[in-house]
Amino acid sequence: MNISEWIGDNEEALRVMTENYIQNARVAIPAIVVQFDSQKQTVSVQPAIKDTLQGKSTALPELSDVPVQFPRAGGYSLTFPVKAGDECLLVFSDMCIDSWWQLGEVQNQAEKRRHDLSDACAILGITSVPKALKNICMEGVQLRNDSGTDYIQLSEQGILLKSKNIRIEGNTTINGSYIGTDGKSTIKGNVEITENAVIGGISFINHIHNGVVSGHDNTKTPI
């Protein structure tokens, strides 16, 4: 019997096997965060799309201890205060990730499984239309809050930092002129400005004081 004849005789069985495999093999699906564990950097999530099982629309089970992907490399990382209700994309591994997740490095598979619900990783950031960000910056890169009231922007025009309050901890060196902020700035540490500082529209180097009587003595320290 050739392969064509074999497939013909077993076409229905192959169709059922293929459908069963596709039904159970997971690849990727959007989900909603239920709870975040900041110590383990894992989430409990509810898959956001229902499956169809035996002709009925059925919600997939809540998944727990799903590792979260924060952008991270070279000793640096970008973290987020993940909260319930945040949206994410679940990606299901080709193989069981249990041993790797618990021990790191290269490990043997704890179980033989493929594209299983148990082997999900959560990629934060994907969003549905109702939660889409408003007023996306089209001039450069921003690190911002969702409302867009606070952000750091990098573009060809330079770096823009916008916030109600700005706090800098540590010594600060500014090479160039410094323009005072429109809000409140708190700096803990020494500040070295190599050129002029303009604060409230007044030049630090070129400003003068009215009503001063010239003399030979130096002024006291600021009060």
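The questions and answers below go from the whole chain to single residues.

Q: How do you know how far to trust local features here?
A: This is a predicted model, where local features need pLDDT of at least 70 and side-chain atom pairs count only at pLDDT 80 or more, while totals for chains, interfaces and linings use all residues. Residues are numbered from 1 along each chain as its sequence is written, and side-chain values use heavy atoms, with hydrogens and water left out.

Q: What makes up the secondary structure of the protein?
A: There are 3 helices and 19 strands. Helices are DSSP runs of H or I with at least four residues, strands are runs of E with at least two, and both are numbered from the N terminus.

Q: Why is Asn135 called exposed?
A: Exposed means over 50% relative accessible area, buried means under 20%, and partly exposed lies in between (1.4 Å probe, protein chains only). Asn135 reaches 70%, so it counts as exposed. The residue sits in the loop between β9 (120-124) and β10 (140-144).

Q: Why does Ala59 get the label partly exposed?
A: Ala59 has 47% relative accessibility, which is why it counts as partly exposed. Ala59 lies in the loop between β4 (56-58) and β5. Its C-alpha atom is separated by 8.2 Å from that of Ala48, 11 residues apart along the chain.

Q: How much of the protein is buried?
A: Buried residues are 18% of the 223 residues.

Q: How do you know that β1 and β8 pair?
A: Two strands pair if DSSP finds at least two bridges between them. Strand β1 (residues 28-37) and strand β8 (residues 87-92) have 5 bridges, so they pair, and they run antiparallel. Ala31 has Cys88 in β8 as its bridge partner.

Q: What makes β8 and β9 a pair?
A: Here too 5 bridges join the strands, which run antiparallel. In β9, Leu124 is the bridge partner of Cys88.

Q: How do you know that β10 and β11 pair?
A: They share 5 bridges in the antiparallel sense, with β11 covering residues 151-155. Gln142 stands opposite Gln153 in β11. The hairpin has 6 residues between the strands, and Gly148 takes a positive phi near 85 degrees.

Q: What makes a region a pocket?
A: On a 1 Å grid over the protein atoms alone, a pocket is an open set of points with protein on both sides within 12 Å along at least five of seven lines, whereas a cavity is a set where a 1.4 Å probe fits but cannot get out. The largest pocket has a volume of about 940 Å³, the space filled by probe spheres set on points joined across faces, edges and corners.

Q: Which residues count as its lining?
A: Lining residues have an atom within 4 Å of a point. Of the 26 that qualify, Phe80, Gly125, Leu133, Arg144 and Asp146 are closest to the centre of the largest pocket. β10 gives the most to this lining, with 4 residues.
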